[in-house]
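Student: I've got a model open and I'd like to talk it through with you. Can we go one question at a time?

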Amino acid sequence: MLRYALKRLVLALLVALSVSVATFALLSFATDPARAIAGEDADPLVIEQIRERYGLDRPLPVQYGAWIGGLVRGDLGESYHWKRPVSELIATHAPVTIKLALMSIFVTIVIALPLGIIAALRPNTLIDRAALSTAVAAQAIPSFWLGLIFIILFAVKLRLFPVSGDGTTWHFVLPCIVLGASSVPAVMRLTRTGLLEVLGSDYIRTARSKGFRGLRLLLRHALRNAMLPVVSVLAIQLGHKLGGSVIVESVFAINGLGRLALQSILGGDIPTLQMLVFVFALTFVLLTLLSDLLNGWLDPRLRLG
Amino acid sequence: MTSPSTPAAAAAADHASGEANAFTPMQVMRRRMRSHKGFLIGAGILLVLILIAALAPWIAPYDPLETKLVARLLPPAWEQGGRWEYLLGTDHLGRDYLSRLLYGSRISLAIGFGAASLGCLIGVTLGVCAGYFGGRIDQAVNYILTCQLALPGLLLTMALVFLIGPSLLVVVCVIGGLHWTYYLVVTRSATMQIRRLDYVTAAQAIGSTPLQIILYEVLPNVRNQIIVIFTLEVGIAILAEAALSFLGVGIQPPTPSWGLMIAEGKTAMFYRPWLVVLPGLAIFLLVIATNLMGDGLRDVTAPEGRN
């Protein structure tokens, strides 16, 4: 188990590192940060000065080396736009996004699991087809639009929730439903197919013949195995929520990492952007690693693979 | 959704005809398509929207860019204060909303099909190579896939489009260039299965090159799966463009993109909710059409008819 865990950890770090190289290359290809700092129609001389001052005149590999060297020492660089250390920016914006992501994944679980389980227990009935149709429809709804509709309906017309902001937990209800709902179709479908497969297996027939039925059969025998792929997909979805909160955060004016990312895109703030992409990728990699380890612990067969 | 009996019955019928099957696979597929409600609805809506996009200049009542400051923020005709010459009202610059919605279908469809095609090219190439050659190539492709999955896709799409300079072509290239994992995963495993089959061995025996085998033996046999993914990816790309344009980093004004129209309507949405509701419904309609079609195609092309 330890060997397996270590192997996966090395791979995860390698992936995060490769991602940072790729992002560095892509962003350097996409834009000239010196021009972004100087402004639209700046003097070429000024741009040249800025390039020298920020070390942008060095070759790319050297710049990357400096970036990763700083990262290792705990220096995440300085934002061009806010003129503050990137680490400080991320630290102040992260808590809101983490709260948003965790609450959203909770919403996903609360909606998707029961729906998936009910659909699997009654396959091809009206309930099952209603659940599947809802999933198809939900996948086609743009989440920013759903957010605006929620604001019009629940915040303005019915006055149940605040329109925007992140002051209290009430502010998080609508955004969490919007962000959580986006993962419901995938998780629901997976729960349904996983459970259907397990319910048709030999060991469930054995358990049934031994007299297990109802909730006990479901909880003790079926769900445990059906949950394995769901755990992985939930980890992936949580990773997506941390990195994908940019839409919901800007619709509801929540001052988290997503909005920070959008502002750094609009302001051409490459150091912040580069670090945010890296942080999101690293979080994603670590979450998948965690779910792999969890699955390896739940299902010993996986450790051999 | 489909009634569960239909594809199952079709599959049973295929089985019953057995060895002396009177129908070619193509005919069986066509028959299943005709009896698959989801597929028919999806294909129908998509066809209508494609026609609208193609005929926009002839069916739109106004120029979508023409501003009329005297007719700003009119509600749809059926609401109080609406005028029949502006069926769906006007936006904050007095542009006819119906005309903008009709023209908007062009942007969404162009980006949906363009990005899905580019993604298809990248994903299928990588997937077929990994599945066919295996070994080190497979490991390398798998590593690229793992890295790609770890990237925060939407954020990077937004950043690249905006920093390169938003235009239709850039949006298509960036969305397509970052959305190919689904193609890769499916073609890779399908190719792995196919390359062990007798007809591939036979082709190798008569001296076909790997390229010939991939083009003439492998690709025709993963074609159906690729088409299914393509259809679903069109929807995903359309949603991505809408989000980008909504956030101001995609299609730029005054081009009528549905996502951008929602962003522009946002400021007036509390007293003119239609400005936000209508383009959203348009996106929903288009994406649900492609999703229904994709799910339907998966049902009708799967050997057992469903799942």
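Student: Is the crossing of H5(A) and H9(A) left-handed or right-handed?
Tutor: Bear in mind that this is a predicted model. The two helices here are H5, residues 86–121, and H9, residues 184–199, both of chain A. They pack at an angle of about 35°, with their axes 8 Å apart. The crossing of H5(A) and H9(A) is right-handed.

Student: What classes of residue make up the contact of H5(A) with H9(A)?
Tutor: Look at who meets whom: H5(A) brings residues including Ile111(A), Leu115(A) and Ala119(A), while H9(A) brings Val187(A), Met188(A) and Leu195(A), among others. Thr108(A) from H5(A) and Arg192(A) from H9(A) are also among them. By class, the contact divides into 13 nonpolar, three polar and one charged.

Student: Zooming out, how many helices and strands does chain A have?
Tutor: Chain A has 305 residues, and 41% of them are buried. Its C-alpha trace spans about 85 × 55 × 30 Å along the principal axes. For secondary structure, the count is 15 helices and zero strands.

Student: Among contacts in chain A with a separation of 6 or more, what percentage comes from residues 24 or more positions apart?
Tutor: Here you take the contacts in chain A with a separation of 6 or more and ask how many join residues 24 or more positions apart. That share comes to 71%.

Student: Which helix gives the largest share of the side of chain A that touches chain B?
Tutor: The contact takes 39 residues from chain A and 37 residues from chain B. On the chain A side, the helices that each supply at least two residues include H1 (2–30), H11 (214–244) and H14 (270–298). The largest share is eight residues, and it comes from H1(A).

Student: Why is Ala240(B) called buried?
Tutor: Ala240(B) sits in helix H10 of chain B, residues 210–246. A residue is buried if 20 or more other C-beta atoms lie within 10 Å of its own. Ala240(B) is buried because its count of other C-beta atoms within 10 Å is 27.

Student: Which residues does Ala240(B) touch, leaving out those up to four places away in sequence?
Tutor: Leu211(B) is 29 residues from Ala240(B) along the chain, and their C-alpha atoms are separated by 34 Å. With residues up to four places away set aside, Ala240(B) touches Leu154(B), Thr157(B) and Ile175(B).

Key:
Residues numbered from 1 in each chain as written. Chains lettered and ligands numbered in written order. Predicted model: local features only at pLDDT ≥ 70, side-chain atom pairs only at ≥ 80, totals over all residues. Contact = placed C-beta atoms within 7 Å. Helix = DSSP H or I, 4+ residues; strand = E, 2+ residues; numbered from the N terminus. Axes fitted to C-alpha atoms, helices over the stretch in contact; angles between N-to-C directions. Left-handed = near helix turned anticlockwise from the far one by under 90°. Nonpolar A, V, L, I, M, F, W, Y, C, P; charged D, E, K, R; others polar. Buried ≥ 20, exposed ≤ 12 C-beta atoms within 10 Å, placed from the backbone.
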